[in-house]
Amino acid sequence: MIDCLVDGSPSQSIPTDDRGLLYGDHVFETIAFHHGCAPLWAWHWRRLTKSCTVLGLPEPDESTAHSECVSLCPPQGSAIVRLTVTRGSGGRAYFPAETPSGRRIMQARAWPGDLERQRNQGLALTVSPVRLATGSVVAGLKHGNRLEQVLAARACAAAGADEALLLDHLGRLVEAIASNVVVELNGAVLTPPTGRGVDGVGLSWLRAQAAVGIEEAELNLDDIRAASGIMVINSVAGIRPAKSLDGRELNPSARCRIWQQLWNEELS
């Protein structure tokens with residue numbers, strides 16, 4: 001079975017002068033497909049087109065991109081497709097070509113086998129020693145420069161945790177390594193301000209549901225440590241509760257279980 005397409009053709013390689021490879025000059029979406037359908041496709045596509053506009057990347061044709069993604073997925077069961085749009089080749093060092101060629105890359109991978117366990121039993125969280133830079137012109141975008149997340153993932157693995165919470169240089173909660181964060185604190189349900197981290201598709205969908213009330217708020221380390229519950233959310237893994245934070249036990253709330261049921265009914 002073909003698991004990778006480059007500009008629509010089966011391939012496992014890209015040119016060595018691709019600007020996505022050289023400079024992280026690309027955007028991407030990681031999309032869940034179930035039985036050949038992506039329930040959150042429209043949300044992903046809106047974010048992708050916004051990211052392309054901000055970075056000046058050529059926007060791929062939606063119908064073509066969708067067809068290529070579907071072609072990589074099994075007709076039954078679940079799979080994940082990463083859709084990457086690079087600026088392509090050309091230009092002079094950091095200076096891109098005036099009219100970029102663009103390159104689209106579709107990569108499929110199998111559905112993670114431990115997601116159900118994580119959703120049911122929860123994750124061991126840690127607060128990462130890696131601090132994120134915020135206030136960038138690319139804040140909120142799913143762009144290709146993810147070195148901070150790579151370093152955070154290394155530190156998370158070394159700590160024996162499943163996922164890490166990331167703060168910025170001012171000590172404010174931003175996001176998790178690959179998810180947005182929702183904190184239950186003193187009866188309120190809170191998430192960091194939009195655009196502080198990646199504008200997550202999963203969290204955006206959840207906040208749009210009529211029965212869900214999530215407020216934006218500044219959250220610091222003391223808030224995180226005082227939380228009665230913490231959830232991490234992304235468009236593939238869904239809603240996963242924390243079972244612990246740096247050794248302190250936490251229990252999934254009734255709210256978390258209700259949201260998980262809503263997610264399963266609408267998106268699985």
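A polar contact of 3.4 Å links the side chain of Ser89 to the side chain of Arg103. Start there, and keep in mind that this model is predicted. Where does Ser89 sit? Ser89 lies in the loop between β4 and β5. Set aside its neighbours within four places in sequence, and Ser89 touches Pro15, Asp17, Asp18, Ser101 and Arg103.

Now look at the strands on either side of that loop. Strand β4 covers residues 78-86, and β5 covers 103-110. Both belong to an open sheet of 5 strands. The order across the sheet is β2-β1-β5-β4-β3, with antiparallel pairing. Strands of a sheet pair through backbone hydrogen bonds, either parallel or antiparallel. Which strands form the edges? They are β2, residues 9-10, and β3, residues 26-34. Each of these pairs on one side only.

Strand β1, residues 4-6, pairs with β2 over 2 bridges, in the antiparallel sense. Here Leu5 faces Pro10 of β2. Helix α3, residues 62-71, lies across β1, β3, β4 and β5. Its angle to β5 is about 30°.

Strand β13 has several partners. One is β6, residues 123-132, which pairs with β13 in the parallel sense over 3 bridges. Leu125 has Leu245 of β13 as its bridge partner.

Another partner is β12, residues 229-234. Strands β12 and β13 run antiparallel and are joined by 4 bridges. Asn234 stands opposite Gly238 of β13. How many residues does the hairpin use to join β12 to β13? The link takes 3 residues.

Then comes β14, residues 248-249. It runs antiparallel to β13, and 2 bridges join the pair. Ser244 stands opposite Glu249 of β14. The hairpin of β13 and β14 has 2 residues between the strands. In that hairpin, Asp246 adopts a positive phi near 50°.

Definitions and conventions:
Residues are numbered from 1 along each chain as its sequence is written. This is a predicted model: local features need pLDDT of at least 70, side-chain atom pairs count only at pLDDT 80 or more; totals for chains, interfaces and linings use all residues. Side-chain values use heavy atoms; hydrogens and water are left out. Two strands pair if DSSP finds at least two bridges between them. Contact means heavy atoms within 4.5 Å. Axes are lines fitted to C-alpha atoms, for helices over the stretch in contact, and angles run from 0 to 180 degrees between N-to-C directions. A polar contact is a pair of N or O atoms within 3.5 Å; within protein, one must be able to donate a hydrogen and the other to accept it, and residues adjacent in sequence count only if both atoms are side-chain atoms.
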